[in-house]
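Please consult the sequence and the structure shown here.

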Amino acid sequence: MGVNAANDGNLEDGTEDTEEYKNNDPIDPNRDLFASSISSKYHEQAMEKLTFSFNDSNIGSIVLNKVGLSTNEIGDQSAADFGITKRISLSNANLQNLQGLNSLGRDRSGTGLDAFSIHHRAKRGISTYAQQAYNNKRKNNNKDASGQKHNDDKMTKKHKSAKSKRRKQLNLIEASPYHVTKLYKPVVHFVENAEWKIMGLFGEVDGKNNPKIPNRKQIEEYHEKRKKDAIPEEMDLREFLKEFVKTTFIPNMQAEAYYQMQQVLLDNQPWDQMRINEEPLLLLKSTAGIFELIKTLFEYYVVLPVFDSNEFVHMIRKILSKFYETYDQEIDEICEGVLISRDLIYSKNNYLALLNTWNLRQLFADTEKLKDDHANTANASTRVTAANYDRGSDSEQDEYGSNPANFEAANVDRYSYEQVSDNKKDLSIQHYLLLKNEDKIPMSHSGVPQFNTEHYSKLALMSTGLFWMSKKITSELITPVTHGTDAIGGGGDGGMGSRLRKSTTSHSSLGKLCEYLAETFEPRAEECVSVIRMEIRSQIVSLLKNISKNNYWMPEDSIINKPQDFIITLNKLLVSLEGKLAGCLSERLICFLFEEMAYFICEVIIDQIPRVVNHKINITGYKQLYKNTFSLQQNLTTITQKGMEKCFDRAQKYLKLSQKTPEDIEKIQEIKNKKSYGAEREKYAAYDFTKEQYAAISQVAKFSNAHRK
């Protein structure tokens, strides 16, 4: 402690440093980071030069001039009243007056700089670790000279370690133009509040002790006057921020945004699946990444009203266009290189557009969520399209009205295949049967087609991503800006950013962005689902065509205990497909797709039964075909969790006609042709076949009965 006291005395007197102090030891309690390499007497002089009084500062001069006093008057008055020497300002400091002040022992209290004096640095103290290290050094100094060099090396390592630890504690903010997004609003509001309070820019007061409020018109007039009267050397802080945003921040931000877009779409595993919190479906990594990028840009747009709306929308649209182009190219690559239905997809007859007329966008989201979206975005530009989803088809409105409650009262699922497909045009089965794709289908050793279902999940995720991006940007990013809510970036300022943006910018360009999303992204999303539907149908037909290649005049002693191999393969395909689509499409849409498959499978079976080898079926063959259809019925019932009896009953009734006589078939056909057939309506309801289908099955029945005789 004697050493410390001696050092304190020497340092305060301004005398030469002791030998121990000259060692520049960073562990000494009287030393710290702010003066680790400055000798005490020079440190004291440096602190004196940094000391200044309020009335000598620029801020003090402005306030004193406002009340009619000069800095000289207030300085002389203070000196006369309190008997002290006037403090020297930074501009008036020189060697002579600084030397004169050194003998007076300047009082730096109130300036904030006294905390850096040696006396106050000693008061701050040091950490327990530093104190222990300092005590260890004192012990080492008492050792013999032979160990002095070793101790010095050891202390040098401790010195470096302690110094690095102290430096790591200084976490300073790095310079970045992005800081303006946090500073712009507080600075602008501070300046405006200071103006209306200092300059008295109040509106009319009703005299009822209501608080004064700023007059926006007077503030703007005052601001314009200041701009006209400003001299070249001066710049309004708001004008400086505006100029900085336009010339520095926006170019940097655009370059960074385009770079991140490239990273998301090309370099950062864009086709990996991921799940986002509070989102029911899986999304591609590129979908989530692009949305987060656009969301960040919208946050910048909200807090920076000088960000031109047209320029902003142009930037967002460029990012969205690149996103759409990437997905569109990937969809085309899958269709051209993998799918067996590519001839139908790219047909000159535009068969894909026929499936797009089904308007399956109403099935992309859950019913309740869809209703909530319609209620929350009542004034959005996509309102008409969204409302059309809930109205359903014209035939539905004729029967049940436009109110969805009427569907519930009638116990009708308005999103079922029967309701959605009502009065919709569809592609004939013959197009799939005539499709020449045998060379494109991989076959197993037994000759059964083998299909890869990996591309289904990718197509489904791209479809979901396009539709999700359109609805998400409209409801969560555009609508809060155009309607003055505070959904973007949190509600910490009560929506101040949105009001600031709304008061200074037109949002017509944002409305055009909504139209672009609704007219580009959503149709492509539905078209992607149509591709899935067309490919599934093509694979179903390629498997069920084996019915016409088999002989169903089978030996009577044949044991029928399982479906045929191609039916087992089809069941496996359906199960695999359901697994690939689960989590990628909404449950309602998946259920619709598999209901559609069930009806399509029955139509293919009805078409293939009259085409069997030799056009005849005995009782054993009938049992085998019935086993096939029943196996498919059970599988699809498990997948859809709906009864498929009504759907498959039609195919089974048609199969049963093959075991009747041509006369019996003709009687059934006559009964069905009658407009009303009374009590037998239920019995013959499933025999709803065309004239050509009755003729084909009559031919099978004729050959089968003739062979029996």
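The questions and answers below set computed values against their definitions.

Residues are numbered from 1 along each chain as its sequence is written. The model is predicted, so local features need pLDDT of at least 70 and side-chain atom pairs count only at pLDDT 80 or more, while totals for chains, interfaces and linings use all residues, and side-chain values use heavy atoms, with hydrogens and water left out.

Q: Why is Tyr 626 called partly exposed?
A: Buried means under 20% relative accessible area and exposed over 50%, with partly exposed in between (1.4 Å probe, protein chains only). Tyr 626 has 33% relative accessibility and therefore counts as partly exposed.

Q: Why does Phe 630 count as partly exposed?
A: Its relative accessibility is 32%, so Phe 630 counts as partly exposed.

Q: How do you know that the charged end of Arg 533 sits over the ring of Trp 358?
A: The definition requires NZ of Lys or CZ of Arg within 6 Å of the ring centre and within 35 degrees of the ring normal. The charged end of Arg 533 is 4.5 Å from the centre of the Trp 358 ring and is assigned as sitting over it.

Q: What distance is given for Lys 616 over the face of Trp 553?
A: Lys 616 lies at 5.4 Å from the ring centre of Trp 553.
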